[in-house]
Amino acid sequence: MFAFLTLLCGVLVVANPFSRNPVTSAMFLVLTIISMAGLFVLLHAFFLAAVQILVYAGAVMVLFLFVIMLLDLKEEERRRVKKFSLVGGLISVGAIVTIFVKSILAAKPGANLSAPRLEGETAALGKLLFTQYLLPFEVVSVLLLVAMVGVILLSKKDLK
Amino acid sequence: MQAPSLHYSITPSLRCMTPGLEHYLVVSALLFCLGLLGVVTRRNLLVMYMSLELMLNAANLALVSFSRFNDNLNGQILVFFIITVAAAEVSVGLALIVALYRKRQTAHVEDLTTMKL
């Protein structure tokens, strides 16, 4: 089980490769999202795993790949990464990683928690979603409609 | 698959059989920092956007693991809403990038210096 987890982590590390092609990055992002869905399954969040695969690996990545193909980004091959920004970014992000991991390991967040005993979560999730969180649900649907209209408006050739 | 499990069963500090909350949190933190590194170092607008998605996913993972280990479903509801809003946000952002590309014929942040003093 833990080996599976570390394997996923290894996949996630490769998810931001320094190959210069955006299509490769997009493919590794798909792999990352699928392994993240695997982590959700390990956490017994089956519904969220399904949603993750459907929405992210399905819809969002199709959008990304479509835009990449549409823009035809070839010129990144000959651009070089600036050494200064790379080194600065590595140092600062490494510092943040150290702080995060040290604080998590120092806090020992799982020490005082009992073993998880949630069962049959999808039904409970649906019940909660349609009773207590009904208003946010409707608001999110309106937000999706607004986003759709906005995207159509943005991608029109000429606004009249 | 076989070798890493052997390795981690030997390592004394990681000898637990089932991953606990802190392991998920460490994975989430690493993923977040990976996305942050991508945003900071890459100069392509699309790749920066993908790294942003990675950071959002890391936050989702932390929320789901907290929700699992606290026996509380509200975290999963929140992650559901985050995924929905992220889908809307991705579509709007990509439309913005396409409109920008139509106007300026570039997707690099270094070419977009109109607001620079």
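Hi everyone, let me start with chain B: of its 117 residues, 52% are buried, where buried means under 20% relative accessible area, exposed means over 50%, and partly exposed lies in between, with a 1.4 Å probe and protein chains only. Before going on, a word on the source: this is a predicted model, local features need pLDDT of at least 70, side-chain atom pairs count only at pLDDT 80 or more, and totals for chains, interfaces and linings use all residues. Residues are numbered from 1 along each chain as its sequence is written, chains are lettered from A and ligands numbered from 1 in the order in which they are written, and side-chain values use heavy atoms, leaving out hydrogens and water.

Back to chain B. It has four helices and zero strands; helices here are DSSP runs of H or I with at least four residues, strands are E runs of at least two, and both are numbered from the N terminus. Along the sequence, that reads α-α-α-α. Chain B exposes about 5,300 Å², and carbon and sulfur atoms supply 68% of that, with areas from the Shrake-Rupley method, a 1.4 Å probe, and, for residues, only the protein chains shown as cover.

Now chain A. It has six helices and zero strands, in the pattern α-α-α-α-α-α. Of its 160 residues, 32% count as buried. Chain A exposes about 9,600 Å², with 75% of it supplied by carbon and sulfur atoms. As for contacts, meaning heavy atoms within 4.5 Å, take the ones in chain A between residues at least 6 apart in sequence: 55% of them join residues at least 24 apart.

So how do the two chains meet? Let's look at one helix pair. Helix H2 of chain A, residues 22–42, packs with helix H2 of chain B, residues 21–41, at an angle of about 160°, and their axes are 13 Å apart. The axes are lines fitted to C-alpha atoms, for helices over the stretch in contact, and angles run from 0 to 180 degrees between N-to-C directions. That angle makes H2(A) roughly antiparallel to H2(B), because angles over 145 degrees count as roughly antiparallel, under 35 as roughly parallel, 65 to 115 as roughly perpendicular, and the rest as oblique.

Which residues of H2(A) and H2(B) make the contact? From H2(A) they are A:Thr32, A:Met36, A:Leu39 and A:Leu42, and from H2(B) they are B:Tyr24, B:Val27 and B:Leu31. By class, this contact has six nonpolar, one polar and no charged residues; Ala, Val, Leu, Ile, Met, Phe, Trp, Tyr, Cys and Pro count as nonpolar, Asp, Glu, Lys and Arg as charged, and the others, Gly among them, as polar.

Please find B:Asn60, in helix H3 of chain B, residues 45–69. Is B:Asn60 buried or exposed? B:Asn60 is buried, with a relative accessible area of 0%. Leaving aside neighbours within four places in sequence, B:Asn60 is in contact with A:Phe40, B:Val79, B:Ile82 and B:Ile83.

Next, A:Ile34 lies in helix H2 of chain A. A:Ile34 is partly exposed, at a relative accessible area of 40%, and touches A:Ile53 and A:Ala57, not counting residues up to four places away in sequence.

A:His44 has a positive phi of about 65° although it is not a glycine, and is partly exposed, with a relative accessible area of 27%. Thanks, everyone!
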